[in-house]
Amino acid sequence: QPQIVESGGGLVQAGGSLRLSCAASGFTAPGLNLEVYTMSWFRQAPVKGREAVSCMQGADIVTNYADSVRDRFTITRDVDKNTVYLQISEMRPEKTTDYYCAGRFRRCSNRVRDMDYWGEGNLVTVSS
């Protein structure tokens, strides 16, 4: 059945970088017909709550949300492995939070309620 497994979280020193992985499985099983499937990254913000960082549709159609560009977030995808990645560069203590991967059987959306499946989250801690 559809499942999302996240990995790559952990401790990173300020100024460094980290790449999170999100592997999706069970979304292309027989009987499951998908016209559009997108995967997104969210982060837990202090005030805004869970907010969208970026979304990937297909192999290279990217939609950036909020301050993803300013905060140096880059999303990529390996279609063959059905995996998306989130590259977080120039780490700062303020970036310490939980990061979530989510899948949707529609086009990209930045709304939490529009997501169909969620990963359990990755805790990224930036040390100073």
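Which residue forms a salt bridge with Asp 67, and how far apart are the closest N and O atoms?

Author: Happy to. A quick word on the ground rules: this is a predicted model, where local features need pLDDT of at least 70 and side-chain atom pairs count only at pLDDT 80 or more, while totals for chains, interfaces and linings use all residues. Residues are numbered from 1 along each chain as its sequence is written, and side-chain values use heavy atoms, with hydrogens and water left out.

Now, your pair. Asp 67 forms its salt bridge with Arg 70, and the closest N and O atoms are 3.3 Å apart. (For a salt bridge, a side-chain nitrogen of Lys or Arg has to be within 4 Å of a carboxyl oxygen of Asp or Glu.) Asp 67 is partly exposed, at 30% relative accessible area, whereas Arg 70 is exposed, at 53%. Those words have cut-offs too: buried is under 20% relative accessible area, exposed is over 50%, and partly exposed is in between, using a 1.4 Å probe and protein chains only.

Arg 70 also meets the side chain of Asp 71 in a salt bridge, 3.1 Å from N to O.

Glu 51 and Arg 43 form a salt bridge whose closest N and O atoms are 2.9 Å apart. Glu 51 is buried at 11%, and Arg 43 is buried as well, at 13%. The whole structure holds 8 salt bridges.

While you're here, have a peek at the sheet. It's an open one of 4 strands in the order β1-β3-β8-β7, with antiparallel pairing. β1 (3-7) and β7 (73-78) stand at the edges with a single partner strand each, so one side of each has no neighbour in the sheet. From one strand to the next, the twist averages 20°; the angles are between N-to-C directions of axes, lines fitted to C-alpha atoms (for helices, over the stretch in contact), and run from 0 to 180 degrees.

Strands β3 (residues 18-25) and β8 (residues 83-88) run antiparallel and are joined by 6 bridges. Strands are DSSP runs of E, at least two residues long, numbered from the N terminus, and two of them pair if DSSP finds at least two bridges between them. Arg 19, for instance, stands opposite Gln 87 in β8.
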